[in-house]
Amino acid sequence: MLNSSRRRVGRSLSIQRNALETNEAIANKNKRLFGKAFVINFLSSPGSGKTSLLESIVPILKSDGFKPAVIEGDVETDLDKKRIDELDIPAYQIVTNGTCHLDAKMVNGALNNLNRKDADIIFIENVGNLVCPTSFNLGEDIKAVVLSVTEGDDKPLKYPAAFYKSKVMIINKIDLLPFLDSSITKIKENALSVNKDLAIFETFCKKNEKAGNIENNGLSDFISFMENNINSKVSK
Ligand SMILES: Nc1nc2c(ncn2[C@@H]2O[C@H](COP(=O)(O)OP(=O)(O)OP(=O)(O)O)[C@@H](O)[C@H]2O)c(=O)[nH]1
Ligand SMILES: [Mg+2]
């Protein structure tokens, strides 16, 4: 009995290993296809503000002369892609039909459909989930984890992979801090205990329905970070 259950576990581990090896091979192909474009894979819980950040960041990058494109990942619907379409840049929606993460094959399919010829920065908005997306390399240059202050300051400790695999952490919704017992100091302390090299940015990007615009703050340092990375990848 014990032997057969060990065999089953062994078989399942070997299937997982094969799946990850296949993913890695396709991720390497994606990396080549991305070419000179700097690619950021956004990870976060649902609703932390990934699409809102893109709605704020993309117009600034465009006005600075850069050419962004976006690959959206969602379990259902193309609602986020419709928001990105308003920004008048190339965008492609992957619908995973229930799968809790993007994998390299899905992104490879998106690359065949996304008009990315001129893009110098490509954002991949992963499915909202702090666990599964961390296991799948998509061929990106960096992962950036977005954590909203409403999620609590213990999240870097409870979901460490998203934080130790990311180069950047964006702490979003800081406008809500006065209403919460979350502490920015504690979030940073916890995140840095998991990954001491994280570059950290504090932002908010709040929709003002009345004025019909998005109020944002704290984005300029992150924009500079991205623009430096785009330029250094182009010049390599
Ligand atoms: N107050 C405040 N609200 C925000 C901020 N950023 C986003 N929101 C709101 O949070 C909600 C979710 O934002 P989205 O941008 O859709 O979040 P998301 O991470 O893309 O969500 P999923 O794609 O579903 O995982 C929306 O109602 C936004 O208007 C912020 O900085 N401050
Ligand atoms: Mg979104």
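In what order do the seven strands of the open sheet stand, and is their pairing parallel or antiparallel? The order is β3-β2-β4-β1-β5-β6-β7, and the pairing is parallel, where two strands count as paired if DSSP finds at least two bridges between them. This is a predicted model, in which local features need pLDDT of at least 70 and side-chain atom pairs count only at pLDDT 80 or more, while totals for chains, interfaces and linings use all residues. Residues are numbered from 1 along each chain as its sequence is written, and chains are lettered from A and ligands numbered from 1 in the order in which they are written.

**The chain as a whole**

- The chain has eight helices and nine strands, these being DSSP runs numbered from the N terminus (helices are H or I with at least four residues, strands are E with at least two).
- The chain's radius of gyration, taken over C-alpha atoms, is 18 Å, which agrees with the value near 18 Å for a compact globule of 236 residues, the globule rule being 2.2 Å times the number of residues to the power 0.38.
- Buried residues make up 40% of the 236 residues, a residue being buried if 20 or more other C-beta atoms, placed from the backbone, lie within 10 Å of its own, exposed if 12 or fewer do, and partly exposed in between.

- The edge strands, each pairing on one side only, are β3 (91–95) and β7 (199–202).
- From one strand to the next, the twist averages 20°, with axes fitted as lines to C-alpha atoms (for helices over the stretch in contact) and angles running from 0 to 180 degrees between N-to-C directions.
- Strand β6 (residues 168–172) pairs with β7 in the parallel sense over four bridges, and Val168 stands opposite Ala199 in β7.

**Helices across the sheet**

- Helix α2 (residues 50–63) reaches 20 Å from its first C-alpha to its last, close to the 20 Å expected, the expected span being 1.5 Å times one less than the number of residues.
- Helix α2 lies across β1, β2, β4, β5 and β6, running at about 170° to β4, and its buried residues include Leu53, Leu54, Ile57 and Leu61.
- Helix α8 (residues 219–234) lies across β1, β4, β6 and β7, running at about 140° to β1.

**The nonpolar core**

- Ile121, Ile122 and Ile124 touch the most other members of the largest nonpolar core, which has 53 residues; such a core is a set of buried Ala, Val, Leu, Ile, Met, Phe, Trp, Tyr and Cys residues joined through C-beta atoms within 7 Å.
- Beyond its neighbours within four places in sequence, Ile124 is in contact with residues including Val39, Phe42, Ile71 and Leu138, contact meaning that C-beta atoms, placed from the backbone, lie within 7 Å.

Methods
Contact = placed C-beta atoms within 7 Å.
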